[in-house]
Amino acid sequence: MLERLSNREQIRLDNSLARRSDSDSHSNLPSSSTTFLSRFSDSKRSIESRIDLSRIDHPTDPSQVRSLLDNISASISDLEKLVAESSYLLPSYEVRSSLKTISDLKQALETLNSELIPRKKFTFKNKAAKKDPTAEPNETTPENPESVSTKHGNLSFPVRDSPGFRNRKGDILVKNFKGSDIGEFTVSDLDSCEVRLTGSVRALFIHRLSNCKVYAGPVTGSVLIDEADGCVFVMASHQIRIHNAKGCDFYLRVRSRPIIEDTSGVRFAPYCLNYEGVEEDLKGASLDEETGNWANVDDFRWLRAVQSPNWSVLPENERFEVVNISTLGGGTDGN
């Protein structure tokens, strides 16, 4: 019964969002804050309804319970992605309010899990098989999206069901998106790697990187970074959100203010990447003009009026001048 009710509610939401999408110039993203708030509200109500229904009537089979919780978690992750990709449309207080709502939904899901599976904490773990470190570093596509389990025990950004580089150490990984139909790309679980991404992609998801360098061409939507330690990122995007990073340097060109959360010891500087065709790619992504937002960072864990101690501007004498990845040797293309 619960599954039928949940499916009915999800179908109702899908139909509602489809109607709104048709009136939004056939775009996947909201065209205004009003459109965003309407879609956000519909999704929020649907998730809350599914959580409430699960308390009233739920399956007894543990695998079905897990599937139920996984589906709700995926909906919350999609809602969080919608906020990230739409934040440049919204005033800061709306972004904060939306993220607070998502945090409340995650907490409600954690509570539901403790009620349905009281002896085991609800968390997703990366079950990717270990690979031979000498094997060819081809891109991988997981069978199912997984949610990141951070050291704080909170549900965070999703590890998307998309092509990407995963579970590598000490490799140079190269991907050219030109002429590709890849919309989303994931980089996760890398140690001491160098990642070079040329061309344009719609969304970039980065998870659990240590001592890595990531050079990326323009991202037309959003970049989500979760768990990075001692890394260097050079990237251009419409929106960038950074969670649980420490000791990292970010060279950015971004349309909206970068967002950091649960982050410390990070420094910011302007975008400095060069490769053949980069200017054309930037123009095609509407990122050809420098906005200066790389230095206007919002720390969502620092609410005081004074400067956050968690980030700073990278001194000019310590910055890269230009990184030209066209002239760098080595690396394996995932094509």
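Predicted model: local features only at pLDDT ≥ 70, side-chain atom pairs only at ≥ 80, totals over all residues.
A crossing of two helices is called left-handed if the near helix is turned anticlockwise from the far one by less than a right angle.

Let's start with the overall picture. The protein chain has five helices and 17 strands. Of its 335 residues, 49% are buried. Now take the contacts in the chain with a separation of 6 or more: residues 24 or more positions apart account for 50% of them.

Next, find helix α2, which covers residues 33–56, and helix α3, which covers residues 62–86. Their axes are 11 Å apart, and the two helices pack at an angle of about 165°. Angles over 145 degrees count as roughly antiparallel, so α2 is roughly antiparallel to α3. This is also where our opening definition comes in: α2 passes α3 in a left-handed crossing. Which residues do the touching? On the α2 side they include Phe36, Phe40, Ile47 and Ile51, and they meet residues of α3 including Leu68, Ile72, Leu79 and Val83. Sort the residues of this contact by type and you get ten nonpolar, five polar and three charged.

Helix α2 has another partner, helix α4 (residues 92–116). Here the axes come within 10 Å and cross at roughly 15°. Since angles under 35 degrees count as roughly parallel, α2 and α4 are roughly parallel to each other. Their crossing is left-handed. The contact is made by residues of α2 including Phe36, Leu37, Phe40 and Ile47, together with residues of α4, among them Ile102, Leu105, Leu109 and Leu112.

Now for the aromatic rings. How many aromatic pairs does a search of the whole structure find? There are seven. One of them is Phe250 with Phe268, a stacked pair with 5.3 Å centre to centre and 20° between the planes. This pair links distant parts of the chain, as Phe250 sits in strand β10 (residues 249–254) and Phe268 in strand β12 (residues 266–270), 18 residues apart. Buried means under 20% relative accessible area, so Phe250, at 1%, is buried, and Phe268, at 0%, counts as buried too.

Strand β10 also holds Tyr251, which pairs with Phe320, a residue in the loop between β15 and β16. Are the two partners buried or exposed? Tyr251 is buried, with a relative accessible area of 2%, whereas Phe320 counts as partly exposed at 34%. Back at the other pair, Phe250 and Phe268 belong to one aromatic cluster together with Phe233 and Trp311.

Finally, pick out Asp281 in helix α5 (residues 278–284). With 12% relative accessibility, Asp281 counts as buried. What does Asp281 touch, if you leave out residues up to four places away in sequence? The list is Lys178, Gly199, Pro218 and Tyr275.

Technical notes. Residues numbered from 1 in each chain as written. Heavy atoms only, no water. Axes fitted to C-alpha atoms, helices over the stretch in contact; angles between N-to-C directions. Helix = DSSP H or I, 4+ residues; strand = E, 2+ residues; numbered from the N terminus. Parallel < 35°, antiparallel > 145°, perpendicular 65-115°, else oblique. Contact = heavy atoms within 4.5 Å. Nonpolar A, V, L, I, M, F, W, Y, C, P; charged D, E, K, R; others polar. Phe/Tyr/Trp six-rings, centres within 6.5 Å; stacked < 30°, edge-to-face > 60°. Buried < 20%, exposed > 50% of the residue type's maximum accessible area, 1.4 Å probe, protein only.
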